[in-house]
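Please describe this protein chain from its model.

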Amino acid sequence: MIITTTPSIEGKNIVEYKGIVFGEVISGVDFVKDFAAGLSNFFGGRSNTYEQELLNARENALSEMETRAYQMGANAVVGVDIDYEVLGSNNGMLMVTASGTAVRCE
């Protein structure tokens, strides 16, 4: 399935718009990851634990969106947007939302 942030797909004709699709993931950051990230913050450098958590959440949100588009009969998703939010009383949860328009193209 083609997934793109652009409103069209070069070389393809969109023949049917199936509707808006979403993929959402809410991921918790556990104590060990939070502690390791705190060390990176204290000593400087990048936080590989948070980066990996973000990467996994984004891939899962895109995969969920793709599955929902496929279930609608689409073979592509255009105009994809990815949003990130932190949730929870201690900002210990990460929400990633992927959205786009499911289409059928030839």
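The report below goes from the whole chain to single residues.

This is a predicted model, in which local features need pLDDT of at least 70, side-chain atom pairs count only at pLDDT 80 or more, and totals for chains, interfaces and linings use all residues. Residues are numbered from 1 along each chain as its sequence is written, and side-chain values use heavy atoms, with hydrogens and water left out.

**Fold and confidence**

The chain has two helices and four strands. Their order from the N terminus is β-β-α-α-β-β. Helices (H or I, at least four residues) and strands (E, at least two) are DSSP runs, numbered from the N terminus.

The predictor's confidence in each residue is pLDDT, from 0 to 100. Its mean over the chain is 86, and 82% of residues reach 70 or more.

| Element | Residues | Mean pLDDT |
|---|---|---|
| Helix 1 (lowest) | residues 31–43 | 49 |
| Strand 1 (highest) | residues 2–3 | 98 |

**Helix 2**

Helix 2 covers residues 48–71, 24 residues in total. The expected span of a helix is 1.5 Å times one less than its number of residues. For helix 2 that gives 34 Å, and its end C-alpha atoms are 34 Å apart, so the two agree. Its buried residues are Glu-53, Ala-57, Ala-61, Met-65 and Ala-69. Buried means under 20% relative accessible area, exposed over 50%, and partly exposed in between (1.4 Å probe, protein chains only). Just after helix 2, Gly-73 has a positive phi of about 95°.

**Ser-27**

Ser-27 lies in strand 2, residues 14–28. Ser-27 is buried, because its relative accessible area is 11%. Beyond its neighbours within four places in sequence, Ser-27 contacts Glu-53, Gly-92, Met-93 and Leu-94. Of these, Glu-53 is also one of the buried residues of helix 2.

**Surface**

Buried residues are 26% of the 106 in the chain. The chain exposes about 6800 Å², with 52% of it from carbon and sulfur atoms. Accessible areas come from the Shrake-Rupley method with a 1.4 Å probe; for residues, only the protein chains shown count as cover.

Met-1, Ile-3 and Tyr-70 make a nonpolar surface patch of about 310 Å². Patches are made of residues with over 30% relative accessible area and no salt bridge; like charges are joined within 9 Å, nonpolar side chains (Val, Leu, Ile, Met, Phe, Trp, Tyr) within 5 Å. A salt bridge is a side-chain nitrogen of Lys or Arg within 4 Å of a carboxyl oxygen of Asp or Glu. Ile-3 sits in strand 1. Ile-3 is partly exposed, with a relative accessible area of 33%.

Technical notes. Contact means heavy atoms within 4.5 Å.
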